[in-house]
Amino acid sequence: MLLGTRDDLCSGCRTCQVACSLEVFGVVNPKKAALGIDALFPNPGKYRLVTCDQCGECAQVCPLGAIDQKDGIYLIDANVCNLCGLCVTSCPRQAMFTHPDLSMPIKCTGCGECVRYCPRGAVYDVHGEVSRK
Amino acid sequence: MKAKLPGYAGQILYVDLTTQKTETRPLPPELAREYLGGRGFVARLLWDEVPAGTDPLGPENRVVIAAGPLSGLFIPGAGKLHLGTKSPATGGYGDANVGGHLAPELKYAGYDAVVIRGVSEHPCVVVIDDGAVRFLDGSQWWGQGAIETETRLKAKLGHDFQIMTIGPAGEKLVKFACISHDFGRQAGRTGVGTVFGSKQLKAIAIRGSRDVPVADVKGVQEHGRKMYEVCFSKPGFEEWTPYGTAGVTDWVNEVGAFPTRNFQTSYFPEHERINGQRIREKILVTDKGCFGCPIPCGKYSRVKVQRGEAFVEGPEYETIALIGGNCALATIEEVGYANYVADELGLDTISAGNVAAFAIECYEKGLLTEEQVGRKLAWGCLDSVVFLLEAMAAREGIGDLLAEGVKTAASVIKGGSEKFAIHVKGLEWSGYEARYAPAMMLSYMTADVGAHHNRSWAITYDVAVGRETLEGKAEKVIELQHIRPLFDALGLCRLQWVEIGFELEHYAAIFPLVTGWDYSWTDLLAISERIWNLTRSFSAREIEGYGRDFDYPPARFYEEPIPDGPAQGRFIPKEQLEELLDRYYHLRGWDRRGLPTRAKLEKMGLQFVLDALGEKVS
């Protein structure tokens, strides 16, 4: 599973973010989603999706070695992370997020829930293993 | 920690603009259980908070803003916010709803509802930031357009704030000023923007980060998944979405129900030049959806006309009908440009389109002169329409009278113009000419806020069962008047159900998973009926002589046969309107004057209404 995006298909509905927060944190709260949507209005009138491409930069910069790769997905070890925030500020795609309730950054776990429930196919799996329901 | 009221943020915010103070109170559980949220909260809180006889533009009027228990959740269309007030347009109960992202954001900020009272000494902006509320001096934005204001507020506060704002029309107390959000979505009707203006409230900005508690998280996730999957499987998911609400334009013309030249007729020969296909082919920039929506009807566009270029969301169907056909603008670019002008000024395009068309017909008939207006007016003339919109919003010249709406304007212009002032209760008519659609006609006559279609969109029923017959029409209208406003109480958009056939049973199934209450769909509809009786009672409390006399359409619709098109020759004679009303009141448990009876109010759990209405109730 690797997220790809088609910005021109995004309608800004945020279903992906709600689905993400439910799957990853078990709560209804799009502010706890591991992907973002920039709405560029009124001009030029477009959406830009912000997603993790599992580049591994976060693991490279983590001073505690709290981020490890497994099957192509970088995951944060909550027992090691001290929320220093370096991974968040270093992420080349600004695809790591923080939330005041959480003691570690929010990062894509590759679960594919956003892909399954984006109504528009604007987020998709580059590998084709996960598709819209 | 277990939430006290799953599905709800659990708090109501009270904002006093006079003192610039706020108070947060817990959401009363009985309010939630008896009125659900959204429209239900609006109706009950207005009843309790607005003193009888209040001036709609005075400090004692309130604006109540409410999300619903299903807003902001993993549910298709869970993004509707409801706003209500004592309407400056009608003097009675008024409300409007808006999609976009406001309702979810309000809940994430920790509130189910906001009650606004008082009048600020100077223009102000209220900022609700995760439970912290502050007031900004709004002078720097006063006078600016709605889109411009939203752009600047986001630049100042942060792009993650959701904004609702008025334009210059609201500041000038135009009776049909709207509230704008997300660069093209509006809470359009009944003058909610006018009341913002009267309170010197330019905008409200909201940002929140909190979870919304639900009773059964796994259940909500699983059922929410199923709801989206069912939507994805509907043929309309692929077929309806590309054109959105504008896709209905051709059908409305085919059945002879398209407002044309101030409802003189019901078929616009140029309709294929202003329909959904034209939007898609010629002006679309992106599809734009509200929160959680699988079928985004927003068509964000860019138009270019001789006057200039503009970005505009839409035009959606109602604007195509009232600014397009009703003013006879015959290209999608012209309709889009006039739409942009109205949006920036903060005018409801439904009422403003009616008012512009009314003025053009008055001019055509010699009831308004070039000298009075300040220029020539003509059908199909973009310059005429833009001139009128700008004059209304600024209250300049003839615009000062037009800004009062068609009912008041006709009472001053006279000369028979009352017959073609197209409104009910003082609210201008939306996009379905109903002279050949008795159920739709009755829907407009009896909608609680005035001539609006969203309480009961019954024209498809007229077409399905026969358009001449009156039989079963009152029954259908009442059924729809309970189902459709229930969406407004739950905080949901109804278009998934209306447009792609998403079944109602799915909402019934997820409600208990969200709230933990074992309410059936029948229980929810009973609450919707309670709300309907309460809004009717509110108007009866506020307006002398309210009742049957307020439930008639303009004389054009019962005296003038439609002159041409598919519905040529049709109209509904007055005696048939009486028959429809008699049947409707009887089925509702109201008396012949159109007021709820004592027995009905008691059955609805509205005993407190009896005390206020006193001898008005039979």
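First, a term: two strands pair if DSSP finds at least two bridges between them. Helices (H or I, at least four residues) and strands (E, at least two) are DSSP runs, numbered from the N terminus. Now the ground rules. This is a predicted model, where local features need pLDDT of at least 70, side-chain atom pairs count only at pLDDT 80 or more, and totals for chains, interfaces and linings use all residues. Residues are numbered from 1 along each chain as its sequence is written, while chains are lettered from A and ligands numbered from 1 in the order in which they are written.

Start with the sheet of 3 strands in chain B. It is open, it runs β13-β14-β15, and its pairing is antiparallel. β13 (284–288) and β15 (308–313) of chain B are the edges; each has a single partner strand, so one side of each lacks a neighbour in the sheet. From one strand to the next, the twist averages 15 degrees. Angles here run from 0 to 180 degrees between N-to-C directions, and axes are lines fitted to C-alpha atoms, for helices over the stretch in contact.

Look at β13(B) and β14 (298–305) of chain B. They pair in the antiparallel sense over 4 bridges. Which residue of β14(B) is the bridge partner of B:Lys288? That is B:Gly298. Helix α12 (332–345) of chain B packs on this sheet and touches β14 and β15 of chain B. Contact means C-beta atoms, placed from the backbone, within 7 Å. The direction of α12(B) makes about 105 degrees with that of β14(B).

Next, the sheet of 6 strands. This one is open too, in chain B, with mixed pairing and the order β8-β7-β12-β9-β10-β11. β8 (132–137) and β11 (185–187) of chain B sit at the edges with a single partner strand each, so one side of each has no neighbour in the sheet. Direction ignored, neighbouring strands are turned by 20 degrees against each other on average.

β7 (124–129) and β12 (201–207) of chain B pair in the parallel sense over 6 bridges. There, B:Val125 has B:Ala203 as its bridge partner. α4(B) packs on this sheet, touching β7, β9 (162–165), β10 (179–181) and β12 of chain B. Its direction makes about 145 degrees with that of β9(B).

Last, the chain contact. Chain B gives 31 residues and chain A gives 25 residues. On the chain B side, α4 (146–157), α7 (217–233) and β13 each supply at least two residues. α7(B) has the largest share, 6 residues.

Technical notes
Two residues are in contact if their C-beta atoms, placed from the backbone, lie within 7 Å.
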